[in-house]
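Subject: Structure for you to look through

Dear colleague,

I am handing over a structure that I would like you to look through, and below it I have written down what was found. Please keep the structure open beside the text as you read.

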Amino acid sequence: MQSGQGAKKVKKEPVKVREQDASGRSSSFDEVVLGYNEEEALSEAARCIQCKNPTCISGCPVNIDIKRFIYHITKKDYKSAYLAIREKNDFPSICGRVCPAEYQCRKACVFTKKGSPYATENAINIHFLERFIGDYGMKNNIAIPVQKNPELSKFKVAIVGSGPAGVCCAGELARRGIKVTVYEALHKPGGVLRYGIPPFRLPRDILDFELNILKKLGVEIVPNYIIGKVKGLEELLSEGFDAVFLGLGAGVPTFLGIKGENLCNIYSANEFLTRVNLMSAYKFPEYHTPVNIGKSIIVIGGGNTAMDAARAALRLQKMQGFKPDTSIVYRRTEVELPARRLEIQHAKEEGVKFRFLVQPEGFTGNDKGFVKKLKCLECKLGEPDSSGRRRPIAIPGSDFEMESDMAVIAIGLLANQVLTRVTPKLKTDKYSDVEVNKETMETSIGNVYAGGDIVGGEGTVIEAMGMAKKAAEAIIKRLLSK
Amino acid sequence: MKILNSSVLADISGTRITKIEISSPDIAKKAQAGQFIALMISEKGERIPLTIVEADRAAGSITLICQELGYTSKQLGKMKAGDSLYSLAGPLGHATEIKNYGKVILVGGGVGIAEIYPVAKALKEAGNHVTAIVGARTKELLILEKELKTVSDEFIVATDDGSYGRKGFTTDILDEILQKEKYDLVYSVGPIPMMKRSAAVTSRYGVKTIASLNAIMVDATGMCGCCRVTVGGKTLFSCVDGPEFDAHQVDWDELVKRNRIYEDKEKHICNLDKALKK
């Protein structure tokens, strides 16, 4: 083959991932993206040009050796590919599904056009390959590489919170032989992966399988245990834990502060998604937790949570025989939507409507206290604000109303404060996030570390894992020096 | 999470109140008056909040009292000693601020009597002069009379039908007492109309009044905002900011409406359950 033809070959079209048909899928909570089969994975992997100096790896918050695992795929050596990922990431089947790859590894891929705000279509579908390999490892029960250090086996570490940061830190420590106990406030582990992300994006068997790996590593997970209530941080340390990692998360919903916001059937995204995802309200009455569904649903916000809420709401409308009518209301335009491009596309395909440049002004309801309408103003975009995005400016006199017998507020989350409120020695910043030494992730209390959304606010699953790994390394270093 | 004891305190004309003792050494160790737990009866169950009526540190158990109203409370009432809950987490919410206020009145209506009992006990131990005013629809529905009497300096009963104690409302008695004498604190728990009326009465006399609210919750740890209430014009969460609030500042009408959000769904699941049993 001549080099010219070789160059043409790499420009081959990206392999599209198979998905459930949009009309059928939006009536159920089954997984939407079906993933690559072997042939597709091989074909996509073959597009990777194995850059001499790969840029993609630096785009991954946990620095997975992307080049190497893709190389192993091209050689059909899936086990080596799995182990290459597992060196850096314990949850490939989860991350392969929920990572915003277009803002991370794929954005850093050499095939993404320079200056593009997110990955262009030609970038290698690294996340789908990761998912293929993660699922392969799961199906074939490939043993997890452990590097037990006998010197570490005498130490005990407590992890508070079983979300992405907590479970990642737990895995890192347990693999080296440390005895790890994870405390979770809710009745099931997973944190935001379970209460926030709907099953149509992350099926529960996948989540359970990857969390179960922790148990295989000897990690004890204690549900229903609220540190800060049933036990204090200092008690954990005095009861024999050598270190504590706080993965408390950002789980406190924010509201708009507009009139009528406490009317019935106005949910925070966290409440709506917790009912649907954690409590399985979409299977009511088999599951006993109810959720109300409106005929005209408005979701306010433009992030992944807003997409999840809108797609779940639309599914419930269909399942209850309503004509689907779910709209996302956002103050800026489509370009500024912070959600993953794939989620936006999926929402559109499924029939979620988008109303851009709209600012909610207040809700009105009926005499029983149920919401009926959203009052709005139209907006235009002004100069960029501190976030770099153009600021929305409401246009006076542009008032209009939207029908809304149910609304979901998805405008962001704040730090969980159950533990920080009762632990004054734990230094927090003005957002109530826990302050840490950026190198070690150690907090203002010695031997207490933190990572994930409780440090630096809402981020991605993989960013939380990146912080958790850094903390785990610092914990191990500290323990070995004891 | 094992149920150690379950007994029926009252069962008359469709109202059933049960008392359940659950093994939970860690919660028992930390529980203080005014706090609550969240529980699930099964993996498919709802998470519901219930006040901790008693915590026995030595026995490692907590006691709950539950009026069978909705589907979950009915199922809970059927559970027997030896059964296990699926989930139990707590102690949740702020504890009551216990100190020597001087003279205090506790007003309890219906199953709310269960909630004033631990607070009355703690206030009595802190040296307060404790007056308990308790109300029920009828004599057989009056719970914890004996227990409350032992921690009260004065104990007054009102029943709607006059079958026991005074005929009438607890709030009428509250009004009479406050007319005669000055009190330092009123603590009120019961049906929302009762708490709202108590607040209206005490505001006339300028007596500080605390109510413990029974908002609907999901996680009960501050993550969902389902239990939000308007207090003094601000939105607060009953689970982490409460459950006790200044009764004079609570938007009671909003709370009444929010507590009815799932009335239709509740009827549906209860009817379905009945139909299945036929």
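**An exposed glutamine and other backbone details**

A:Gln50 counts as exposed, because it has 12 C-beta neighbours inside 10 Å. The residue is found in the loop between helix 3 (38-45) and helix 4 of chain A, and its phi is positive, at about 50°, although A:Gln50 is not a glycine. Before going further, please bear in mind that this is a predicted model.

Chain B also has a residue other than glycine with a positive phi, namely B:Leu144, where the value is near 55°. Is B:Leu144 buried or exposed? B:Leu144 is buried, since 21 other C-beta atoms lie within 10 Å and the cut-off for a buried residue is 20 or more. As for its place in the chain, B:Leu144 is found in the loop between strand 9 (129-136) and helix 4 (145-150) of chain B.

Two cis peptide bonds in chain B deserve a careful look. A cis bond joins B:Gly90 and B:Pro91, with an omega of about -5°, and B:Pro91 lies in strand 7 (residues 87-92) of chain B. The peptide bond from B:Gly242 to B:Pro243 is cis as well, with omega near 10°, but B:Pro243 lies in a loop, the one between helix 7 (238-241) and strand 16 (244-246) of chain B.

**Chain A: domains and a helix pair**

The domain assignment divides chain A into domain 1 (3-139), domain 2 (150-251 + 415-480) and domain 3 (253-413). The C-alpha centres of domain 1 of chain A and domain 2 of chain A lie 28 Å apart, and the contact between them takes 18 residues from domain 1 of chain A and 22 residues from domain 2 of chain A. On the side of domain 1 of chain A that touches domain 2 of chain A, the largest share, 5 residues, comes from helix 6 (residues 92-98) of chain A. By class, that side has 11 nonpolar, 3 polar and 4 charged residues.

Two packed helices are described by the angle between their axes and the distance between the axes. Helix 4 (residues 66-74) of chain A and helix 5 (residues 78-86) of chain A pack at an angle of about 170°, with their axes 7 Å apart. Why are the two described as roughly antiparallel? Angles over 145 degrees count as roughly antiparallel, and helix 4 of chain A and helix 5 of chain A therefore belong to that class. Where they meet, A:Arg68, A:Phe69, A:His72 and A:Ile73 from helix 4 of chain A face A:Tyr78, A:Ser80, A:Ala81, A:Ala84 and A:Ile85 from helix 5 of chain A in contact. By class, this contact has 6 nonpolar, 2 polar and 1 charged residues.

A:Tyr103 lies in the loop between helix 6 and helix 7 (105-108) of chain A, and with 17 C-beta neighbours inside 10 Å it counts as partly exposed. From A:Tyr103 to A:Ser404 there are 301 residues in sequence and 33 Å in space, C-alpha to C-alpha.

**Chain B: overall form and domains**

Chain B has 9 helices and 16 strands. Its radius of gyration is 18 Å, close to the 19 Å that the globule rule gives for 278 residues, so chain B is as compact as a globular protein of that length. Along its principal axes the C-alpha trace of chain B spans about 55 × 40 × 40 Å, and 51% of its 278 residues count as buried.

The domain assignment gives chain B domain 1 (3-92) and domain 2 (103-258), whose C-alpha centres are separated by 20 Å. In the contact between them, 18 residues of domain 1 of chain B meet 22 residues of domain 2 of chain B. The largest share of the side of domain 1 of chain B that touches domain 2 of chain B, 3 residues, comes from strand 1 of chain B, and by class that side has 12 nonpolar, 4 polar and 2 charged residues.

**Where the chains meet**

How many residues does each chain give to the contact? Chain A gives 33 residues and chain B gives 37 residues. The largest share of the side of chain A that touches chain B, 4 residues, comes from helix 13 of chain A, and the residues of that side divide into 14 nonpolar, 14 polar and 5 charged.

With best wishes

How values were computed
Residues numbered from 1 in each chain as written. Chains lettered and ligands numbered in written order. Predicted model: local features only at pLDDT ≥ 70, side-chain atom pairs only at ≥ 80, totals over all residues. Domains from an automatic or database assignment. Contact = placed C-beta atoms within 7 Å. Nonpolar A, V, L, I, M, F, W, Y, C, P; charged D, E, K, R; others polar. Rg over C-alpha atoms; globule rule 2.2 N^0.38 Å. Axes fitted to C-alpha atoms, helices over the stretch in contact; angles between N-to-C directions. Parallel < 35°, antiparallel > 145°, perpendicular 65-115°, else oblique.
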